[in-house]
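Thanks for coming. I have one structure to go through today, and I will keep to what can be read from the model.

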Amino acid sequence: TSPFARMFVQVCLYFYCKCLWRCLKFVVRKLTGRCELQRICYNTKPGAARTMKIEASLKGSKSKRLQTSVSVHPDAIEKTIDDIMELKRINPDINPQLGVSLQACLLQIVGYRNLIAEVEKLRREPYDSENPQHEEMLLKLWKCLKPNSPLNARISKQWCEIGFQGDDPKTDFRGMGLLGLYNLVYFAEQDTEIAQQVLCDSLHPKYSQLSKAEWEKKKFDKAIGYSFAIVGINITDLAYNLLVSGALKTHFYNVAPEAPTLNHFQQTFCYLMHEFHKFWIEEDPLDIMEFNRVREKFHKRILKQLQNPEMALCPHFAASESLTNM
């Protein structure tokens with residue numbers, strides 16, 4: 001079969017399936033008396049499962065007004081709901097809960113898009129040593145992680161003690177810009193005790209919180225440490241890619257009752273740092289050259305977890321207790 005013939009068959013199948021799908025939707029609406037949005041809201045419980053179905057339905061609609069409803073300004077969501085109800089010929093007085101459910105879903109959908117823009121802006125902003133605010137944040141990171149060890153000078157080999165590569169950390173932020181610093185400071189400030197413990201373990205992994213019996217059982221005789229700050233910037237990159245790819249929708253739509261915020265993203269970063277640290281110890285790599293292999297394996301594990309629409313990453317630290325209590 002020629003490539004042209006195969007392409008022609010694929011195009012025909014596409015249009016056939018699309019027309020068949022629209023016909024089925026029309027028949028189901030006539031039989032149930034409800035449009036697809038109503039069926040989703042009434043038959044799917046709140047959370048990622050419902051919001052992702054609503055998002056797919058709006059994006060796949062033949063109506064431009066419905067397609068663009070997922071990208072409106074947050075202030076325009078109420079009017080957008082009214083437009084949807086009018087377009088679908090749904091009486092809001094008879095279906096009051098539908099408007100509430102759609103509003104909650106749209107707040108999450110629009111909020112996720114806005115969060116990507118906010119995170120991207122931070123990622124693109126380079127660290128500037130001439131900016132007092134940037135310098136203040138960097139010094140705060142040191143104070144939170146090493147409260148009993150004064151920094152002798154701004155340019156110092158001491159930075160290597162918290163996992164930077166050289167005597168001036170500004171060069172290490174190039175890949176993730178201010179986003180890497182924001183995340184590290186959030187972790188160190190909001191979960192100080194855990195951040196300090198992870199830092200200590202990263203320097204001396206064989207003497208982590210695992211008991212001696214557990215070490216001997218698992219034979220972690222070649223435990224290799226890692227650079228805390230550099231790994232934090234690397235995990236920021238992982239969290240960023242999960243966000244931009246849409247993989248984090250499952251988690252955010254399940255834990256944020258309305259629009260997910262930068263705090264939600266930073267709490268997720270803390271969770272990933274904590275989990276990666278445990279994963280690194282369990283993997284017991286022979287040397288630091290195995291970092292990319294371990295990171296990729298960890299990435300795949302998180303992705304697999306997020307494929308479950310019921311999934312909400314479960315933090316084990318104070319900053320994210322509010323998520324688990326929702």
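Predicted model: local features only at pLDDT ≥ 70, side-chain atom pairs only at ≥ 80, totals over all residues.

The protein chain has 15 helices and 0 strands. Its length is 326 residues, and 45% of them count as buried. As for how the chain folds back on itself, take the contacts between residues at least 6 apart in sequence: 67% of those join residues at least 24 apart.

Now the helix contacts. Two of them involve helix α6, which covers residues 96-124.

Start with α3, residues 48-59. How do the axes of α3 and α6 cross? They come within 9 Å of each other, at an angle of roughly 85°. An angle of 65 to 115 degrees counts as roughly perpendicular, so α3 is described as roughly perpendicular to α6. On the α3 side, the residues in this contact are Arg50, Thr51, Ile54, Glu55 and Leu58. On the α6 side they are Ser101, Leu102, Cys105, Leu106, Gln108 and Ile109. By class, that contact has 6 nonpolar, 3 polar and 2 charged residues.

The other partner is α2, residues 36-43. The axes of α2 and α6 come within 10 Å, and they cross at roughly 85°. That makes α2 roughly perpendicular to α6. Here Leu37, Gln38, Cys41 and Tyr42 from α2 meet Leu98, Ser101 and Leu102 from α6. Which classes of residue make up the contact of α2 with α6? There are 5 nonpolar and 2 polar residues, and no charged ones.

Next, the core. The largest nonpolar core holds 83 residues. Which of its members touch the most others? They are Ile54, Leu141, Leu181, Phe265 and Leu272. The core draws at least three residues from each of two domains, domain 1 (35-123) and domain 2 (129-307).

Most residues other than glycine have a negative phi. Arginine 89 has a positive phi of about 55°, and it is not a glycine. Arginine 89 sits in the loop between α5 (77-87) and α6. Is arginine 89 buried or exposed? Its relative accessibility is 77%, so arginine 89 counts as exposed. Aspartate 284 likewise has a positive phi, near 45°. Its place is the loop between α13 (262-283) and α14 (291-306).

Last, some pairs that are separated along the chain, with distances taken between C-alpha atoms.

Serine 129 lies in the loop between α6 and α7 (132-145). With a relative accessibility of 26%, serine 129 counts as partly exposed.

Lysine 143 is in helix α7. Its relative accessible area is 59%, so lysine 143 is exposed. Lysine 143 and alanine 188 are 45 residues apart along the chain, and their C-alpha atoms are separated by 9.1 Å.

Back in helix α6, we find asparagine 114. Asparagine 114 is partly exposed, at 39% relative accessible area. Alanine 259 is 145 residues away from asparagine 114 along the chain, yet their C-alpha atoms are 8.9 Å apart.

Finally, asparagine 263 is in helix α13. It too is partly exposed, with a relative accessible area of 42%. From asparagine 263 to asparagine 183 the distance is 9.7 Å, C-alpha to C-alpha, across 80 residues of sequence.

That is the end of the tour.

Terms used. Residues numbered from 1 in each chain as written. Heavy atoms only, no water. Axes fitted to C-alpha atoms, helices over the stretch in contact; angles between N-to-C directions. Helix = DSSP H or I, 4+ residues; strand = E, 2+ residues; numbered from the N terminus. Parallel < 35°, antiparallel > 145°, perpendicular 65-115°, else oblique. Contact = heavy atoms within 4.5 Å. Nonpolar A, V, L, I, M, F, W, Y, C, P; charged D, E, K, R; others polar. Core = buried A, V, L, I, M, F, W, Y, C linked by side-chain atoms within 4.5 Å. Buried < 20%, exposed > 50% of the residue type's maximum accessible area, 1.4 Å probe, protein only. Domains from an automatic or database assignment.
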